[in-house]
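Welcome to this tour! Please open your viewer and get ready to select a few regions, one after another.

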Amino acid sequence: MNISENQVLRISTEIEKPAMEYNKVHKSWGKITLAASDENLDDQVLPTDFLFLIDVSATMGNDSKLNSVITAFGNALENLTDSHNFSVIIFNQDIHVLTPLIPSNLDNKNRICKQLREQIYPTGVTNVENALIYAIEILKRRNTDKLSSMLIFTDGLSDHSDRKFETIDSPVNCSVDIFGVGVEQDSSLLSMLSMKMHGFYHYVEEIRCLYSNLEECIAGRLSTKMHNIKLKIRGRDGARIVTLATPHTIIQNRIAKSYDIMMGSLYKGEEKTVLFKLSLRKMRNAMNMHGLLDIYVEYTNTSTGMVEEMMCDITVVRPLMPLIQQKSKSLDQHINRYTAATALSEVVTLSNQFHFNEAKDKLYQTIESIKKSESSESPYCKSIVLDLEEIVNNIHDFSTYQTGIHLAHSYSSMYYMEKTSFSHYLKRIQVHQLEKSGYEHHENSDMELEDHLHYTSYYTQLSSCTKCK
């Protein structure tokens with residue numbers, strides 16, 4: 001493993017086979033991981049704009065979904081200070097800006113929460129597309145690269161948009177979280193939207209879990225260590241990238257054998273990984289060091305506002321004879337993640353065609369593959385197996401699949417964006433109920449976490465992977 005680091009960023013690279021015979025053609029997986037420092041920001045307050053998009057269509061009145069969202073919204077505002085701005089957009093088939101971007105002072109918070117509680121009622125159908133386009137335009141009109149966060153609360157039901165979404169793309173320096181509220185929701189629509197916007201889809205089966213998930217999203221955004229991250233990968237002589245697996249935007253320059261990947265931002269302690277597969281050609285002679293890739297990272301340090309750069313490389317040995325090598329467990333975990341993700345994509349497709357037995361067989365094969373892997377005993381891979389087994393238990397037939405599909409999309413999004421697996425442990429922890437509704441006050445959620453937090457990432461759609469020919 002090669003490592004390069006400074007006070008805010010750590011770059012680590014690994015290759016599946018650190019030594020490969022010089023006189024043979026090889027294929028090898030590898031990974032590049034960017035990790036933000038977990039040091040505190042010295043109590044620095046980051047000016048951030050928050051847009052809350054709340055679905056007020058008729059179906060949001062079922063099971064008190066809208067009331068729960070309004071309560072969670074008021075609770076979330078407790079985390080914002082006068083240095084932050086927030087806007088509230090409510091939508092059904094129409095769009096209404098309840099408030100433009102305003103400072104998060106006490107008067108504004110209480111006024112907007114009171115208005116939501118007393119004047120807003122669920123009615124009409126939904127047009128998620130128009131609401132997103134409208135919110136994106138608000139952010140673009142700011143003429144600033146200030147950090148922003150878009151938080152969308154909807155069930156996606158009765159959606160009357162054309163679902164083409166060609167004009168939807170996440171603005172620069174904006175994180176996107178879509179909360180699918182309740183058991184009855186269109187998770188296929190919501191997960192597709194989150195992928196389109198390089199965001200995260202949350203399946204909120206139990207409304208009480210919404211509070212913790214929302215607070216976690218805001219806390220992460222307020223601890224952003226760097227943004228405008230661009231990862232540049234340049235291939236050297238004798239090495240060619242044949243696969244890049246990442247959810248982030250890739251700009252290719254095949255002539256120069258280089259790829260620019262727009263990685264967004266990283267908050268305190270967050271990691272983002274790019275998996276790749278290399279093809280290595282035969283070399284004329286054995287080599288003590290064969291340089292494969294040059295890695296450059298450019299980013300804006302959120303604390304200083306300065307643009308900074310780092311670089312590292314990936315090298316291997318090209319010996320005369322094959323060497324005994326132990327596979328990296330860290331890399332193996334990410335390969336398992338990739339395997340699980342593509343399996344979930346197939347499972348959703350098969351289940352949508354009512355081929356439930358075939359879908360379960362695919363999951364069983366994937367589980368068995370992970371259990372036989374080098375990293376099978378790691379907490380990371382054990383959690384993936386638990387997730388897949390849970391989905392197996394929820395795709396027996398059409399009836400169980402009505403909720404099973406939400407789990408499949410949720411775990412896919414979790415793997416995809418390398419997020420903590422909220423949904424897996426939130427069902428087994430205690431979450432205190434709000435003592436009062438609205439913004440006024442509530443006790444902070446007291447979560448008894450398991451011994452570890454596990455991170456996973458997914459690539460369920462073939463479009464998420466760039467195969468370079």
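A crossing of two helices is called left-handed if the near helix is turned anticlockwise from the far one by less than a right angle, and right-handed if clockwise. Before using that, note that this is a predicted model, in which local features need pLDDT of at least 70 and side-chain atom pairs count only at pLDDT 80 or more, while totals for chains, interfaces and linings use all residues. Residues are numbered from 1 along each chain as its sequence is written, and side-chain values use heavy atoms, leaving out hydrogens and water.

**Stop 1: α7 and α8**

Select residues 356-371, which form helix α7, and then 379-392, helix α8. (Helices are DSSP runs of H or I with at least four residues, and strands are runs of E with at least two, numbered from the N terminus.) The crossing of α7 and α8 is left-handed. They pack at an angle of about 165°, with axes 10 Å apart; axes are lines fitted to C-alpha atoms, for helices over the stretch in contact, and angles run from 0 to 180 degrees between N-to-C directions. The two helices are therefore roughly antiparallel, a term for angles over 145 degrees.

Now show the side chains where they touch (contact means heavy atoms within 4.5 Å). Among them are Leu-363 and Ile-367 of α7, and Ile-384 and Leu-388 of α8.

**Stop 2: α8 and α9**

The contact includes Ile-384 and Leu-388 of α8, with Leu-407 and Tyr-411 of α9.

**Stop 3: the sheet**

Next, look for 5 strands in an open sheet, ordered β12-β13-β10-β15-β16 with antiparallel pairing. (Two strands pair if DSSP finds at least two bridges between them.) β12 (249-253) and β16 (307-318) stand at the edges with a single partner strand each, so one side of each has no neighbour in the sheet. From one strand to the next, the twist averages 20°.

Zoom in on β10 (residues 224-235) and β13 (residues 258-267), which pair over 8 bridges. Lys-232 stands opposite Asp-260 in β13.

**Stop 4: Pro-122**

Finally, select Pro-122, in the loop between α2 (106-119) and α3 (128-140). Is Pro-122 buried, exposed or partly exposed? At 33% relative accessibility, it counts as partly exposed, since buried means under 20% relative accessible area, exposed over 50% and partly exposed in between (1.4 Å probe, protein chains only). Asp-55 is 67 residues away in sequence, yet 8.3 Å away in space, C-alpha to C-alpha.

Technical notes
Angles under 35 degrees count as roughly parallel, over 145 as roughly antiparallel, 65 to 115 as roughly perpendicular and the rest as oblique.
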